[in-house]
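Dear colleague,

Please find the structure below, handed over for your records.

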Amino acid sequence: FDKVIVMTTTKRKQWPRKILIHAVQALKAEQE
Amino acid sequence: GRAQLFSTVVDTFLEKLVAAGSYQRFANCYRSFCKLQPELTKSIHNQFVSQLQESIKAEIQEVMEEGNLEVVLNSLDKIVEEAKSQEEPAWRPSGIPAEDARSSLVPYLLKHRAYLLRALRNKEEENKKVAESVLAGRGRISELQQQIQAHKRAWQ
Amino acid sequence: SVNPMAYEAQFFGFTPQTCMLRVYAAFQDYLFDMMLVVETVILKKLEGLSECGISPLHIRKSTEKFLLFLQENFDELFGKMEEMLLQLVLNIPKNVLLPEDKVHKDYPYSKEQFQALQDEIHQLQEQYKAEVSAGQALRAELEEQKVVQAELEKILQCFVGLENICREHWNCSFRESFAFLTPSLKKLQDKLKDVEEKSK
C-alpha cells in the first residue's frame with residue numbers, strides 16, 4: 001500500500017511536467 | 001519551524017523515555033545484582049542510557065539526512081507561510097490523472113489561443129489588403145472591357 | 001479508515017507513516033539490543049562471582065521486567081511523538097497547495113471550461129485555415145487578373161494602334177478616315193471590275 005502511494009504521488013508530481021513538454025512541443029509544431 | 005519542532009519532539013521523547021527507565025527502576029528490577037554490585041549497576045545503567053540516546057539520535061540524524069528533511073521541512077515552512085492568506089481548503093489531486101494533468105495544459109492552451117487569434121487577425125488584415133487589390137483589379141478589368149467594347153462598337 | 005497522507009507523500013517522497021514506522025522499528029531495535037548488552041554484561045560479571053546464588057534465569061526475569069516496563073512507556077511516548085510529528089511537522093495544512101500544483105489555483109478549469117477552450121481553439125484553427133485558403137484564392141485571382149489585364153491591354157493597344165495609324169497617315173480619326181476611304185475604295189472596286197471584264 002505504501003509503495004503504491006509513493007509511486008502514485010511521485011507520478012502526480014513528475015508526470016504533468018513530462019506531459020507538458022510534449023504537449024507544448026505539439027502546440028509549437030502546430031503553430032509552425 | 002518544522003525542522004526545529006521535529007528535533008524538539010524527538011528530544012522530549014528521549015528525555016521522557018530515559019526518565020521512565022530511571023536508575024531507581026533499573027535497580028529495582030535488578031535488585032539482587034544491584035545489592036551485590038551497586039557501583040557496577042550504576043555504571044551499567046549510565047552506559048545503557050547514554051548508548052540508547054546516542055543510537056536514537058544517530059537514527060534520527062540518518063532519517064534527517066536520508067530524507068533531506070532539514071531542507072525539505074524549511075521549504076515546507078515557506079510554502080505554508082506563503083499560503084497564510086489562503087482561507088479555504090486548497091486544491092487536491094482528484095484521483096483522475098487525466099483531469100488533473102489537463103489543467104496543467106490550460107496556460108499553454110491559453111497562449112496557443114492568443115497566438116491563433118493574433119495569427120488570424122494578421123491573416124485577415126493581409127487578406128483584406130489583397131481583397132482590395134483584387135477588387136481594384138476587377139474594376140480595372142471591367143473598365144478595360146468597357147473600353148474595348150466601346151472601340152468594338154465604334155468599329156462595328 | 002487509513003489516511004494515506006498522499007499529498008504529504010507527494011511532497012516528501014515518502015509517506016509520513018512509513019517514516020514513523022521506520023523510526024519506531026529502529027528505536028525498538030536499539031532498546032532490545034541495549035537490553036541484551038546490559039544482560040550480557042551482568043551475566044559475564046556474575047560468572048566471576050559464582051557463589052552469589054543469582055541464576056541467569058533470575059537475571060533474565062529482571063531484564064524482561066525492566067524491558068516490559070520500558071516498552072510500555074516507549075509505546076505510549078512514541079504514540080504521542082508520532083501524533084505530534086504527523087500533525088505538526090510531516091503534514092501539509094489543508095489550505096496549502098504545493099508549488100507543482102500552482103496551476104490548479106491559477107487556472108481552476110472545470111471539464112466543461114476545458115472542453116470549451118479546446119473547442120474555441122479548434123474553431124480558431126478552422127477559421128485560420130479558411131483565411132489562408134481565402135488568401136490563396138485571392139492571390140491566385142490577382143495573378144489571373146495580371147494575365148487578363150495584359151491581354152485586354154494588348155487588345156486595347158491594337159485599337160489604339162489603329163487609331164494612331166489613321167492619325168499619322170490621314171491626320172484624322174479612324175471614323176473620318178473610313179468615311180474618306182470608302183468612296184476611293186468603291187472606285188477601286190469598280191476599276192478592278194472593269195479590268196477583269198476587259199481582260200476576259
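For charges, Lys and Arg count as positive and Asp and Glu as negative, while His and the chain ends are not counted; the place of a charge is taken as NZ of Lys, CZ of Arg, CG of Asp or CD of Glu. On that basis, chain B carries 22 positive and 21 negative charges, and their mean positions lie 11 Å apart.

Please note that this is a predicted model, in which local features need pLDDT of at least 70 and side-chain atom pairs count only at pLDDT 80 or more, whereas totals for chains, interfaces and linings use all residues. Residues are numbered from 1 along each chain as its sequence is written, chains are lettered from A and ligands numbered from 1 in the order in which they are written, and side-chain values use heavy atoms, with hydrogens and water left out.

Chain B

Chain B has six helices and zero strands, where helices (H or I, at least four residues) and strands (E, at least two) are DSSP runs numbered from the N terminus. Its order along the sequence is α-α-α-α-α-α. The radius of gyration of chain B is 43 Å, well over the 15 Å that the globule rule gives for 156 residues, so the chain is more spread out than a compact globule. That radius is taken over C-alpha atoms, and the rule is 2.2 Å times the number of residues to the power 0.38. Along the principal axes, the C-alpha atoms of chain B fill a box of roughly 150 × 30 × 25 Å.

Of the 156 residues of chain B, 41% count as buried; buried means under 20% relative accessible area, exposed over 50%, and partly exposed in between (1.4 Å probe, protein chains only). The accessible surface of chain B is about 9,000 Å², with 52% of it belonging to carbon and sulfur atoms. Such areas come from the Shrake-Rupley method with a 1.4 Å probe, and for residues only the protein chains shown count as cover. Among contacts (heavy atoms within 4.5 Å) in chain B between residues at least 6 apart in sequence, 55% join residues at least 24 apart.

L73(B) sits in helix α5 and is buried, with a relative accessible area of 0%. Apart from neighbours within four places in sequence, L73(B) is in contact with R2(B), A3(B) and F6(B) in its own chain and with F12(C), V89(C) and L90(C) in chain C. The C-alpha atoms of L73(B) and Q4(B) are 9.2 Å apart, although 69 residues separate them along the chain.

E143(B) belongs to helix α6 (residues 97-155) and is partly exposed, at 39% relative accessibility. E143(B) and A20(B) are 123 residues apart in sequence, and their C-alpha atoms are 111 Å apart in space.

N68(B) is placed in the loop between α4 (38-66) and α5 (69-82). Its phi is near 50°, a positive value in a residue other than glycine, and N68(B) is partly exposed, with a relative accessible area of 40%.

The contact between chains B and C

This contact takes 84 residues from chain B and 83 residues from chain C. The area buried between the two chains is about 8,000 Å², of which carbon and sulfur atoms give 77%. F13(B), Y30(B) and W91(B) supply 8% of the area that chain B buries against chain C, more than any other three residues. Buried area here is the accessible area (1.4 Å probe) that two parts lose on being put together, summed over both.

Chain A has one helix and zero strands, and its C-alpha atoms fill a box of roughly 45 × 10 × 5 Å along the principal axes. Of its 32 residues, 22% count as buried. The accessible surface of chain A comes to about 2,500 Å², of which 65% belongs to carbon and sulfur atoms.

Eight residues of chain A are in contact with 12 residues of chain C. The area buried between these chains is about 840 Å², with 55% from carbon and sulfur atoms. I5(A), T9(A) and K13(A) supply 47% of the area that chain A buries against chain C, more than any other three residues.

On the side of chain C, A6(C) is located in helix α1. A6(C) touches I5(A), T9(A) and R12(A), not counting residues up to four places away in sequence. M5(C) lies in the segment before α1 (6-12) of chain C. M5(C) has a positive phi of about 45° although it is not a glycine, and it counts as buried at 8% relative accessibility.

With kind regards
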